[in-house]
Amino acid sequence: MSFSVSGTGSAYPALALTNDALSNMIDTSDEWISTRTGIRQRHVLKEESLADLAVTAGEQALLDAGVEAAELDLIICSTLRGDFITPSLSCIVEKRLGACCPAYDVNAACSGFIYALDVADGYFARKKAKKVLVIAAEAMSKLVDWQDRSTCVLFGDGAGAVVLTEGEDLLSIKLSANGDTDVMAIPNVAGNFPDAAGGADPYLTMKGQEVFKFAVSSMCRDIAEVIGEAGLSKDDISYVLPHQANMRIIDAARSRLKIAPERILTNIERFGNTSSASIPLLLDQMNREGRFQKGDILALSAFGSGFTTGACILRWSRGRSFAPRYQMACD
Ligand code: UT7
């Protein structure tokens, strides 16, 4: 027994920060950002909390699935950092949704949503859960240095959610991790013990080109592996939903894998890199647009700090949705 995706949801902050607006804050340009990354804007938390986004995404996914919060057996949130170190984002979401079930966070950076799907799969396999809510919610705007043009232009805030119910639609899944604090990291430097070591900036640092190379090779490797493990071939894949980090990474992986451009789904132009929220945000957008048909085979692939990677093959067993069923609450 694994699971089926019964509902999706997403939310993002009201404030859209365009490349042109960013160019008024730091030494950059729409031309540089869009040609190097494909990003035109990102949404940034100002009035809302991260929990607001997570709850809205969760509510929408529950509505879409026709599941009540009280029916949930488990809530897992993927996040780099919630509004609090403790309680977890999941606990806050649980209370605000009116659920009554175990709730905890996982952190596998940008691969966190796929890690959370794998965790959820274990609960279904052990028959410990029938209905699970997985939310990936990220406030990258609070983790980047807004003076550092090499990183802050890349990221945005958002949340995506899925309701999982008993089913057989997770056809394969693969995770990996490889500890490294040199290429991409965010130091945890809080504390006030007198004379304790510290001093690092609490912001994201990254060697962009190393991440780029890792991203392309790991996506190609992981997608090929999960397709093989599912007993499928590349031609069986209806759509690939890659982590939305850089359009050039996505294009390079696509061309190496020899997958037709129309089978690669993206929304990076509008949201930038929302870390682990990027794939479920894209999944929800495509679901609401009626992109998927019953029986479609989806390949999800993510990579991130750690390095971590995650990829899986999901069968879409819901029908097609022809109209938006709800408005994005944060529009
Ligand atoms: O979830 C995982 C997240 N991380 C990633 O996916 C990162 C993967 N890497 C990348 O996407 C790319 O490496 C970047 C988009 C980060 C950078 O692109 P690049 O083509 O590797 O550029 P670069 O770092 O080699 O920088 C080229 C130039 C430099 O100037 P000089 O030294 O050639 O004079 C940078 O200072 O571009 C400059 N630069 C900028 N210029 C205008 C760096 N950032 C900016 C900027 N605006 N925002």
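Student: Which residue of strand 5 stands opposite I76?
Tutor: Y104 does. This is a predicted model, where local features need pLDDT of at least 70 and side-chain atom pairs count only at pLDDT 80 or more, while totals for chains, interfaces and linings use all residues. Residues are numbered from 1 along each chain as its sequence is written, and side-chain values use heavy atoms, leaving out hydrogens and water.

Student: How do you know that strand 4 and strand 5 pair?
Tutor: Two strands pair if DSSP finds at least two bridges between them. Strand 4 (residues 74-78) and strand 5 have four bridges, in the parallel sense, so they meet the definition. Helices (H or I, at least four residues) and strands (E, at least two) are DSSP runs, numbered from the N terminus.

Student: Why is strand 1 called an edge strand?
Tutor: Strand 1 (2-11) pairs on one side only, and strand 5 (103-106) does too. Their open sheet has five strands in the order 1-7-6-4-5, with mixed pairing.

Student: How does helix 4 run relative to strand 4?
Tutor: Helix 4 (residues 89-97) lies across strand 4, strand 5 and strand 6 (131-139), at about 130° to strand 4. Such angles run from 0 to 180 degrees between N-to-C directions, with axes as lines fitted to C-alpha atoms, for helices over the stretch in contact (heavy atoms within 4.5 Å).

Student: Why is helix 10 described as largely enclosed?
Tutor: Buried means under 20% relative accessible area, exposed over 50%, and partly exposed in between (1.4 Å probe, protein chains only). Eleven of the eleven residues of helix 10 (residues 278-288) are buried, so the rest of the structure largely encloses this helix. Among them are P280, D284 and R288.

Student: What makes a group of residues a nonpolar core?
Tutor: The group must be buried Ala, Val, Leu, Ile, Met, Phe, Trp, Tyr and Cys residues joined through side-chain atoms within 4.5 Å. The largest here has 41 residues, and V153, F155 and I237 are among those with the most contacts inside it. Helix 7 (208-229) is one of the elements that give two or more residues to this core; the largest share, nine residues, comes from helix 7.

Student: How confident is the predictor in this chain?
Tutor: The confidence in each residue is the pLDDT, from 0 to 100. The chain's mean pLDDT is 95, and 96% of its residues reach 70 or more. Take care with residues 326-331, though: their pLDDT is below 50.
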